[in-house]
Amino acid sequence: MTIALETRGLEKSFGALRVTRDLSLKVMQGARHALIGPNGAGKTTVINQLTGVLTPNSGRILLEGSDITGLSVHKRVLRGLSRTFQINQLYPDLTPLETIGLAVSERMGRGGDWWRRMGTRSDVNTEIAEILSRFHLLDVMTELTSTLPYGKQRLLEIAVAIAAKPRVLLLDEPAAGVPESERHDILAAVAALPRDVTVLLIEHDMDLVFSFADRISVLVNGGLLTEGAPDEVARDPQVRAVYLGEAADA
Amino acid sequence: MTALSDVSTHAMASARWRVSEVAFWALALACAFLFPSRYLIMTDIVRLGLFALSLDLILGYAGIVSLGHAAFFGVGAYSAGLLALHGIINEPVIALVAAGLVAALLGFLTSFLVIRGVDLTRLMVTLGIALLLEALAERFSNITGGTDGLQGIEMQPILGLFTFDMFGKTGFFYSLIVLFILFLLARRVVHSPFGLSLRAIRNNPLRAAAIGVPVNRRLIAVYTLAAFYAGIAGALFTQTTALASLDVFSFERSADLMLVLVIGGTGYLYGGLIGAVVFKMLQELFQSITPQYWLFWIGLVLVVIVLVGRARIHRWVLFVPNLIIRQFAGRKAAVAVPESDAS
Amino acid sequence: MASILTSLFDGVAYGMLLFVLACGLAVTLGLMNFVNLAHGAFAMAGGYICAVLVNNSGWPFFAGLPLAFVGSAVIGIALERTLYRHLYSRSHLDQVLFSIGLVFMSVAAVDYIMGSSRVFIKLPAALEGQIDLFGVGIGRYRLMIVVICGLLTLALQLILAKTRFGSRLRAAVDDPRAAIGLGINVPQVFAFTFAFGCGLAGLGGALSAEILGLDPYFPLKFMIYFLIVVTVGGSSSITGPFLASLLLGIADVAGKYYVPKLGPFVIYTVMIVILLWRPNGLFGRTAAR
């Protein structure tokens with residue numbers, strides 16, 4: 001099996017605070033890999049380095065074998081690395097139709113077209129329609145994102161990431177804050193992600209992690225504590241001590 | 001597949017011409033025949049509308065707050081003036097485009113300074129560039145005519161056919177046609193994928209990058225385009241008034257421009273045009289009350305607009321037109337004000 | 001050599017004056033992340049209050065100065081409580097529009113009441129002329145400015161470092177949310193600091209009538225200078241703005257002495273270059289939203 005996403009000796013400090021310590025992580029092609037860890041373990045910092053929002057102090061990041069450490073955020077997206085955000089990072093003044101349309105246009109390299117009106121390319125439209133219907137957003141596609149129910153916004157968040165046709169998708173707590181009634185849609189959408197997309201899931205919710213992941217890495221204090229198949233990790237006494245103990249009283 | 005046809009219909013809906021838009025332009029044209037004695041002030045309004053449209057492209061669509069947009073207006077004005085004065089390009093339309101391109105070049109070069117940093121840095125850099133140009137124009141008074149401005153500009157007939165007359169009739173129609181053409185271009189641009197990506201950037205730059213939008217490249221492009229528009233507005237100023245003096249760069253000009261756009265509302269293209277009409281009418285009114293101190297009233301308008309809230313004011317202003325349009329066209333609010341805070 | 005030292009001294013005096021004028025703005029920006037382009041209006045108010053008291057009512061100059069401080073501070077707190085505080089949570093665009101509006105109103109109002117020509121404040125004879133210090137000619141008035149502004153700077157530094165109010169203010173600038181969590185009444189701290197900053201600006205305005213010139217367009221003319229002090233100096237301490245003021249003062253005076261033809265060109269170029277090089281200021285961070 002080939003490696004889809006890899007970090008080698010990743011280091012990041014804010015002042016005296018070391019938030020990522022010598023992190024080496026391998027995510028295999030097609031994997032459902034989960035990155036878990038207690039609050040403050042540095043999960044979000046890792047994501048931000050993977051996507052290019054933050055630059056690591058040292059270490060490399062490789063996407064399908066090629067070094068992307070120095071690439072800007074949007075170039076990584078075009079290379080096939082996409083993410084969702086923990087807290088909705090959508091465009092309040094845009095509709096789902098426009099949001100997905102933008103993502104599809106950008107991926108096709110047509111986002112800079114300044115003379116063509118929106119909606120005039122059938123290949124773009126077909127894909128928008130496909131994504132909107134897959135994520136149950138057709139009925140709300142002309143409403144402003146800011147007015148959508150929270151569950152729909154979470155779906156849109158995942159849909160936007162998928163619209164970029166990623167080969168590696170980083171899911172940052174996809175079900176966080178979603179009311180129980182709308183939760184099923186999110187979990188179904190996550191479960192239905194195409195198998196050829198490699199997924200790195202960052203999650204707090206242990207039910208979701210253990211039902212979804214085939215491999216789990218545990219992050220503590222910015223460093224890798226252990227890694228393995230779900231049942232191995234669940235049995236690991238160290239993990240039980242630092243993580244599951246914490247989750248029990250969370 | 002109905003989903004597909006739905007998607008294409010709705011995707012194209014925003015770019016469709018509305019009744020109210022056609023009415024707006026018909027009214028603008030009608031003014032030319034209704035008020036033949038007021039060509040000069042109407043030309044002023046058209047020019048200001050174009051200038052405000054330019055600011056709307058970067059402020060309303062891309063969220064860049066600029067305190068020095070007069071820089072491009074001034075460069076356009078002086079370029080057009082110098083081209084005409086020294087007989088380099090005599091035909092006004094070609095000179096107009098040339099002046100716009102000079103401003104666009106400056107916009108392109110300075111855009112690299114503007115895309116860096118937070119709001120405050122942008123404010124300072126845009127303001128600094130305008131002041132710098134003003135200082136330069138003052139320093140090289142042998143070229144710019146210093147505080148007296150360029151003297152003795154004589155405009156040749158447009159396309160060799162239409163002579164500028166003393167009542168400003170030619171100037172007005174010329175300006176209105178230029179505005180309409182540039183408006184069509186802007187309308188096309190904001191309804192394109194490019195325009196959509198700008199709105200995404202204004203909403204959330206980080207997220208825009210995360211779906212693959214090259215944020216900096218888009219901002220550079222729109223800043224350059226806006227500079228072109230402002231340069232054209234400046235060139236129109238020189239061509240229709242045969243004047244270009246240092247105050248084209250002044251801070252008051254940039255500040256007034258923001259007021260124009262704020263009165264009309266940002267982020268829907270017509271804001272600048274409506275704002276220009278209202279602003280000029282206010283200016284006329286205040287100047288007739290207190291010719292010397294109208295700055296006070298302009299300041300008061302700004303303060304009141306902000307305190308009451310821009311969005312709320314526009315809802316009030318558009319209440320009546322929307323009511324009428326709804327009666328006649330039987331459609332939801334036709335003139336919408338998009339929420340557009342550049343924070 | 002002596003003339004170089006004289007212009008250096010003039011630059012220092014000018015810079016210290018700029019600091020007193022602008023340091024209130026650093027707090028507005030640093031603490032409330034509020035872009036207040038109207039700061040110069042408070043300075044102008046102080047200048048005119050002092051001018052009226054000294055020229056028209058015959059007050060001695062040194063009695064006019066504290067009144068300039070008090071007058072501007074009172075105007076400041078009145079506006080803060082009635083208008084400014086509604087705008088802290090608004091976008092920068094709203095803040096810019098609002099404060100430009102205030103500037104325009106103040107310019108026109110002062111023009112209406114006081115006339116548009118430049119105003120001079122009658123100085124006591126003791127402040128006129130130069131004294132000779134080791135062969136270097138030093139203006140008495142500028143010497144007084146250096147002394148007053150120097151003492152003020154020291155006092156500010158002491159207040160910030162030693163008093164309870166100072167530590168609250170520093171905590172609030174550092175992280176307003178955490179400060180509220182610690183039970184610090186941030187709006188109150190801010191209102192007080194805002195008033196104090198306006199007072200200092202007013203005092204600076206009174207002192208600067210002689211050097212910078214006082215007319216109704218003062219807030220517009222010097223707006224960019226105050227902004228430079230704050231953006232270049234950063235707003236995380238008062239040392240940054242202080243050094244930036246000195247730098248600006250010396251550079252501006254030197255520029256006018258040695259390359260008069262280039263005018264303000266030098267200052268603007270330097271500012272743009274610095275902001276490109278260090279977008280958050282030379283000496284620290286500016287509040288970024």
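Biologist: Which residues of helix 3 of chain C are buried?

Modeller: This is a predicted model, and a residue counts as buried if 20 or more other C-beta atoms lie within 10 Å of its own. In helix 3 of chain C, the residues that pass are C:Gly64, C:Leu65, C:Ala68, C:Phe69, C:Gly71, C:Ser72, C:Ala73, C:Ile75, C:Gly76 and C:Glu80.

Biologist: Against which helices do the buried residues of helix 3 of chain C pack?

Modeller: Packing is judged here by contact, with C-beta atoms within 7 Å. On that basis the partners belong to chain C, and they are helix 2 (39-56) and helix 8 (186-208).

Biologist: How far apart are the end C-alpha atoms of helix 3 of chain C?

Modeller: The helix covers residues 61-82, which is 22 residues. At 1.5 Å a residue it should span 32 Å, so the distance found in the model agrees with that expectation: 32 Å.

Biologist: Which element gives the most to the side of chain B that touches chain C?

Modeller: The contact takes 36 residues from chain B and 41 residues from chain C. On the chain B side, the elements giving two or more residues are helix 6 (119-139), helix 12 (251-264) and helix 14 (294-308). The side divides into 26 nonpolar, five polar and five charged residues. With 14 residues, the element that gives the most is helix 6 of chain B.

Biologist: How many residues of the side of chain A that touches chain B come from helix 3 of chain A?

Modeller: Here 43 residues of chain A are in contact with 32 residues of chain B. Helix 2 (73-79), helix 3 (96-107) and helix 4 (122-134) of chain A each give two or more residues to the chain A side. By class, that side has 21 nonpolar, 13 polar and nine charged residues. Helix 3 of chain A supplies the largest share, eight residues.

Biologist: Which element of chain A has the lowest mean pLDDT?

Modeller: Chain A has a mean pLDDT of 87, and 96% of its residues reach 70 or more. Where pLDDT is low, predicted coordinates should not be read in detail. Among the elements of chain A, strand 4 (residues 58-63) has the highest mean, 93, and the lowest, 66, belongs to helix 9 (residues 237-249).

Note on methods
Residues numbered from 1 in each chain as written. Chains lettered and ligands numbered in written order. Predicted model: local features only at pLDDT ≥ 70, side-chain atom pairs only at ≥ 80, totals over all residues. Contact = placed C-beta atoms within 7 Å. Helix = DSSP H or I, 4+ residues; strand = E, 2+ residues; numbered from the N terminus. Nonpolar A, V, L, I, M, F, W, Y, C, P; charged D, E, K, R; others polar. Expected span 1.5 Å × (residues − 1). Buried ≥ 20, exposed ≤ 12 C-beta atoms within 10 Å, placed from the backbone. pLDDT = per-residue confidence, 0-100.
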